[in-house]
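Student: I have a new structure to look at, and I would like to learn how to read it. Could you guide me through it?

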Amino acid sequence: MAFSLGGFFAMTAERYLHLNQVSPNVMVAMGCNGRGVAMALVMGKVLADWASGTAPQPIPFHLMKKPAVMATVVWSWLRDALK
């Protein structure tokens, strides 16, 4: 017996889930990208808080994500080069 899936599939460019307020009364979470179970649980809580009147809190130091990842990659390259 063979199975197949069909339809549209989309991933976000940076492969992270997005939480967007598309109008004053509508907020959506999209783009699970293989992290569906864990991220959907967290986003479900965020969406429930928002629906009950609690504003979503920004992720601390989120702006440092890219520089921190690049610093880690460069550090790994240097460590490998010194072996």
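Student: What volume does the largest pocket have?

Tutor: Let's start with the idea. On a 1 Å grid over the protein atoms alone, a pocket is an open set of points with protein on both sides within 12 Å along at least five of seven lines, and its lining residues have an atom within 4 Å of a point. Grid points are joined across faces, edges and corners, and the volume is the space filled by probe spheres (1.4 Å probe) set on the points. Here, the largest pocket has a volume of about 630 Å³. It is lined by 21 residues, and Leu-17, Leu-19, Met-43, Gln-57 and Ile-59 are the closest to its centre.

Student: What should I know about the model and its numbering?

Tutor: This is a predicted model, in which local features need pLDDT of at least 70 and side-chain atom pairs count only at pLDDT 80 or more, while totals for chains, interfaces and linings use all residues. Residues are numbered from 1 along each chain as its sequence is written, and side-chain values use heavy atoms, leaving out hydrogens and water.

Student: Which elements does the protein chain have, and in what order do they run?

Tutor: Helices (H or I, at least four residues) and strands (E, at least two) are DSSP runs, numbered from the N terminus. The protein chain has two helices and two strands, and from the N terminus on they run β-β-α-α.

Student: How do the lining residues divide by type?

Tutor: Ala, Val, Leu, Ile, Met, Phe, Trp, Tyr, Cys and Pro count as nonpolar, Asp, Glu, Lys and Arg as charged, and the others, Gly among them, as polar. The lining of the largest pocket has 12 nonpolar, six polar and three charged residues.

Student: How many salt bridges does the structure hold?

Tutor: Side chains of opposite charge can pair when their charged atoms come close. A salt bridge is counted when a side-chain nitrogen of Lys or Arg lies within 4 Å of a carboxyl oxygen of Asp or Glu. The structure holds one: Asp-49 pairs with Lys-45, and their closest N and O atoms are 2.8 Å apart. Because these two residues are four residues apart in helix H1, about one helical turn separates them.

Student: Are Asp-49 and Lys-45 buried or exposed, or something in between?

Tutor: Buried means under 20% relative accessible area, exposed over 50%, and partly exposed in between (1.4 Å probe, protein chains only). Asp-49 is partly exposed at 25%, whereas Lys-45 is exposed at 51%. Across the protein chain, buried residues make up 8% of the 83 residues.

Student: Where is Phe-61 found, and what is its phi?

Tutor: Phe-61 sits in the loop between H1 and helix H2 (65-81). Its phi is positive, about 60°, although Phe-61 is not a glycine. With a relative accessible area of 71%, Phe-61 is exposed.

Student: Which residues is Asn-20 in contact with, leaving aside its neighbours within four places in sequence?

Tutor: Contact means heavy atoms within 4.5 Å. Asn-20, in strand E1, is in contact with Val-26, Met-27, Val-28 and Met-30. Asn-20 and Met-30 are 10 residues apart in sequence, with their C-alpha atoms 8.3 Å apart. Asn-20 is partly exposed, at 28% relative accessibility.
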